[in-house]
Amino acid sequence: MLDEGLNKQEIRRILEEKLSPDYSYDSGFILGSMCTDAHKFAKSIYCKYVSKNLGDPGLFPGTQKLEDEVVAEIGELFNGIDILGSFTTGGSEANLIAMRIAKKLRPDIKDPEVVLPVSAHMSFDKAADLLDIKLRKAKLNDDFELDLNHFESLLNENTCGVVGVAGTTSLGLVDPIEEIGKLIKGKDIFFHVDAAFGGFVLPFLDKLGKQVRKWDFSVEEVDSITADPHKMGMGIIPSGGYFLRNEAIIQKTGFEIPYLAGGNFKHLHIVGTRPGGTVIAFWALMQYLGNQGFSKVVKKCMKNTEFLAANVRNIDGVKLAAEPTMNVVGITTENGQSICELDEELRKSEWMLGKFTEFNLVRVVVMPHVTEAHISRFIKDLKKVCKKLKLV
Ligand code: 0PR
């Protein structure tokens with residue numbers, strides 16, 4: 001550390017220089033990210049309330065009330081009534097909370113297992129590792145749809161939880177949540193839906209008149225949902241969300257910290273100190289955009305998705321891995337050649353895509369920061385790369 005501090009202007013200059021290697025969302029090169037530039041209004045609100053700490057809600061009862069309000073509003077958006085929950089650091093933490101509940105609710109199972117699709121996010125592997133849960137992964141069919149028969153065959157007396165994904169990480173596809181619900185109906189198995197990405201897309205697709213499979217609390221058996229404001233919600237990083245149908249679960253499985261300055265309370269969080277500013281910022285953003293504002297954003301992303309998909313269909317050498325359900329486009333080679341070289345070549349022109357070797361596809365997430373002009377530039381380079389690699 002310096003003995004004497006520098007002046008602010010100098011520090012700002014140094015920061016600009018040191019951070020110059022970072023990619024910016026508006027460059028268009030970030031095509032493979034599920035995050036985006038936070039909404040301007042959310043940013044300004046966040047700065048004002050950055051010191052609020054929801055780790056000790058007794059000290060910040062106003063902030064806590066806003067969190068309860070925003071959670072209830074999101075719960076309604078997901079067709080639930082009196083939904084509880086809280087903001088998290090992201091989808092990984094929310095999924096970890098869900099897996100912990102699944103295990104805790106079945107103390108009678110000595111070696112607990114969770115059944116989930118092989119396309120489920122890495123965070124479930126992390127949760128399983130931390131909680132000592134065995135994951136049983138169900139296969140996908142050739143069209144990347146979940147193989148329900150295989151899923152069913154993995155259920156047994158050790159199953160404490162099942163997971164369905166509403167917006168898979170690789171392709172943005174929605175699992176047959178209703179059908180999974182039927183498989184566990186009447187059984188003492190916790191059902192968690194991971195809509196980390198889809199949570200702030202699917203409700204608005206529905207409102208735009210697009211056919212969407214049932215995926216939320218409207219499916220009776222669904223117990224909890226992950227949905228992240230810091231993805232398609234355009235909230236501040238970090239803003240994840242965990243939403244739970246049944247309050248008794250918090251009483252049964254929650255933690256208590258007896259010494260807090262603001263007093264004791266039951267909670268499910270993994271972390272202690274917890275940002276209030278991100279919650280307040282998202283509350284404000286929801287009031288500002290309303291249903292119409294979010295629908296407009298989703299509509300634009302879907303228009304750009306269709307633009308990209310239409311182009312990919314016409315490029316010799318590559319094809320869509322699956323028809324996009326939401327604003328995620330998987331691109332694969334027509335001749336089955338490995339996607340690795342394609343990804344490498346595109347990276348040379350700075351295109352930052354997601355690479356999924358297990359499904360042999362590269363992923364474009366058409367986030368709000370991605371414009372038609374960016375996609376046009378990308379398509380041009382993609383065509384060049386297809387020729388260079390002789391995929392044509
Ligand atoms: N569930 C699903 C379905 C996800 O896709 C993700 C993350 C998570 C849970 C975990 O969320 P957190 O990262 O908030 O804990 N999906 C993104 C992905 O793996 C994460 C990401 C975001 C990766 C931005 C890259 C990036 O630039 O693609």
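How many aromatic pairs does the count come to?

1. The model is predicted. In it, the count comes to 11 aromatic pairs. Take F78 and F243 as one of them: their ring centres are 5.7 Å apart and their planes stand at 85 degrees, so this pair is edge-to-face, the class for planes over 60 degrees apart.

2. The F78–F243 pair ties together distant parts of the chain. F78 sits in the loop between helix 3 and strand 1, while F243 belongs to strand 7. The two are 165 residues apart.

3. Helix 3 covers residues 61-77, 17 residues in total. From first C-alpha to last, helix 3 reaches 24 Å. That is close to the 24 Å expected at 1.5 Å a residue.

4. Which residues of helix 3 are buried? They are T63, Q64, L66, E67, V70, V71, I74, G75 and L77. The cover over these buried residues includes strand 1 (84-88), helix 8 (202-207), strand 7 (240-244) and helix 10 (277-314). Strand 7 also holds F243, the partner of F78.

5. Check the backbone after helix 3 too. N79 follows the helix, and its phi is positive, near 60 degrees.

6. R377 lies over the face of F29. The distance to the ring centre is 5.0 Å.

Key. Residues numbered from 1 in each chain as written. Predicted model: local features only at pLDDT ≥ 70, side-chain atom pairs only at ≥ 80, totals over all residues. Heavy atoms only, no water. Helix = DSSP H or I, 4+ residues; strand = E, 2+ residues; numbered from the N terminus. Expected span 1.5 Å × (residues − 1). Buried < 20%, exposed > 50% of the residue type's maximum accessible area, 1.4 Å probe, protein only. Contact = heavy atoms within 4.5 Å. Phe/Tyr/Trp six-rings, centres within 6.5 Å; stacked < 30°, edge-to-face > 60°. Lys NZ or Arg CZ within 6 Å of the ring centre and 35° of its normal.
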